[in-house]
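Subject: Structure handover

Hello,

Here is the structure for you to look over. My notes follow below it.

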Amino acid sequence: MIAPACQRGGNKTRKLEFLMAEALEQGADMVMTQGATQTNHGHQTAACTASLGLDCHILLEDRTGYENANYNTNGNVLLDHLHGATTQKFPGAHDMPVEMERAAEKMRVEGRKVYVIPGGGSNPTGALGYVSCAFEVLAQVNDAGMKIGRLVHATGPSGTQVGLVTGMCAKNSQIPVLGIGIRTPQPKQEQKVYDQACKTAKKLGFPGVVQREHVMVNTDYGGEGYGIPPGSGIEAIRMFAELEGILLDPCYSAKGAAGLIDLARKGEFKDERGVFLFTGDAAALGGYDFAFDSSGRWVTL
Ligand SMILES: *Cc1c(COP(=O)(O)O)cnc(C)c1O
């Protein structure tokens with residue numbers, strides 16, 4: 001049912017598979033969510049609601065201060081609107097969950113049945129998408145007879161790591177999951193993932209399987225802040241695009257890959273196989289053209 005969003009990839013689609021089922025179960029006719037201007041989660045939500053015939057409203061917070069026209073209207077913002085979602089802009093440092101509840105309440109008074117999805121789709125329902133991903137990884141690893149030393153990925157609002165850790169623990173797997181943080185300081189991010197993982201394990205019927213030491217986050221690659229790719233992230237985007245044909249997104253997977261590349265260069269994975277879990281998502285690149293100089297590729301033959 002959510003094939004359109006799947007076609008483009010991006011980790012929010014796995015969460016939305018479960019969140020959309022809950023929205024339908026509750027009889028919603030409108031879905032509301034929030035994120036940064038170039039939120040990947042926003043456009044994937046809009047794609048899902050389009051395919052299900054639900055209305056979608058997205059609250060967008062300016063977390064970077066970028067005034068570039070493409071950042072504000074192209075990339076994910078263009079796709080939000082193409083999928084028929086309405087958007088509403090907010091300046092930075094707003095209490096977005098409160099704003100969203102206010103907006104949802106207004107629509108409810110007007111008679112709408114609103115299903116609210118937290119930023120990034122990161123709650124125990126959304127995390128179930130990554131519990132099933134952990135099971136898929138384990139099945140593939142077992143089929144291939146492979147041994148994985150570490151599963152590395154970008155972590156932000158946290159549902160991905162929450163689901164992966166919960167899934168691995170539920171199956172009693174020994175594969176460590178390493179999240180590369182994009183903004184939040186390490187102790188806070190680890191605690192957030194741990195708390196959510198405990199709730200997700202309980203929802204799944206495996207209370208108590210996740211221990212605090214199962215949650216590992218490295219926050220050395222976050223750069224200047226949310227949505228601002230550091231030089232190492234730009235380098236990672238170029239490397240993956242030119243050497244692997246894979247497009248990373250500037251906000252998350254670029255920082256995750258920058259961490260992977262740096263740790264590999266430092267010899268961290270010398271005696272083990274590190275697997276990078278690719279979370280997507282190319283759509284934001286159109287809003288970040290100013291971060292890359294591709295003029296050298298324009299040639300006349
Ligand atoms: C949101 C996002 C992440 C982070 O996922 P969380 O589950 O919210 O931590 C990683 N990569 C991409 C491309 C994303 O859009």
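Which side chain has an N or O atom 2.9 Å from an oxygen atom of the ligand? The side chain of N11 does. Before the rest, the ground rules. This is a predicted model, with residues numbered from 1 along each chain as its sequence is written. Local features need pLDDT of at least 70, side-chain atom pairs count only at pLDDT 80 or more, totals for chains, interfaces and linings use all residues, and side-chain values use heavy atoms, with hydrogens and water left out.

Ligand

The side chain of K12 also has an N or O atom 2.8 Å from a ligand oxygen. For N40, the side-chain distance to a ligand oxygen is 2.8 Å. (A polar contact is a pair of N or O atoms within 3.5 Å; within protein, one must be able to donate a hydrogen and the other to accept it, and residues adjacent in sequence count only if both atoms are side-chain atoms.) Taken alone, the ligand exposes 380 Å², and the protein buries 99% of that (Shrake-Rupley method, 1.4 Å probe). There are 17 residues around the ligand (a heavy atom within 4 Å). K12, K15, G156, T160 and T279 come nearest.

Charges over rings

K12 turns up again here. Its charged end sits over the ring of Y252, 5.1 Å from the ring centre. The charged end of K171 sits over the ring of F135, 4.6 Å from the centre. (The test: NZ of Lys or CZ of Arg within 6 Å of the ring centre and within 35 degrees of the ring normal.)

Aromatic pairs

The structure holds seven aromatic pairs. (Rings of Phe, Tyr and Trp, the last by its six-membered ring, pair if their centres lie within 6.5 Å; planes under 30 degrees apart are stacked, over 60 edge-to-face, the rest tilted.) One of them is Y66 with F290, edge-to-face, at 5.0 Å centre to centre and 75° between the planes. This pair links distant parts of the chain, 224 residues apart. Y66 is in the loop between β2 (55-61) and α4 (69-73), and F290 is in the segment after β8 (274-276). (Helices, H or I with at least four residues, and strands, E with at least two, are DSSP runs numbered from the N terminus.)

F290 also pairs with Y288: the centres are 6.0 Å apart and the planes at 20°, so this pair is stacked. F290 is partly exposed at 35% relative accessible area, while Y288 is buried at 2%. (Buried is under 20%, exposed over 50%, partly exposed in between, with a 1.4 Å probe and protein chains only.) Ring pairs link Y66, Y71, Y288 and F290 into a cluster.

Cysteines

There are zero disulfides (a pair of cysteine sulfur atoms within 2.5 Å). For C56, the nearest cysteine sulfur is that of C48, 9.2 Å away. C56 is buried, at 5% relative accessibility. For C169, the closest cysteine sulfur is in C198, at 9.4 Å, too far for a bond. C169 is buried too, at 12%.

Two further residues

P230 is in the loop between β7 (216-218) and α10 (231-244). P230 is buried, at 18%. Its C-alpha is 9.0 Å from that of A258, 28 residues apart along the chain.

L128 lies in helix α7 (residues 124-144) and is buried at 16%. L128 and G159 are 31 residues apart in sequence and 8.4 Å apart in space, C-alpha to C-alpha.

Best wishes
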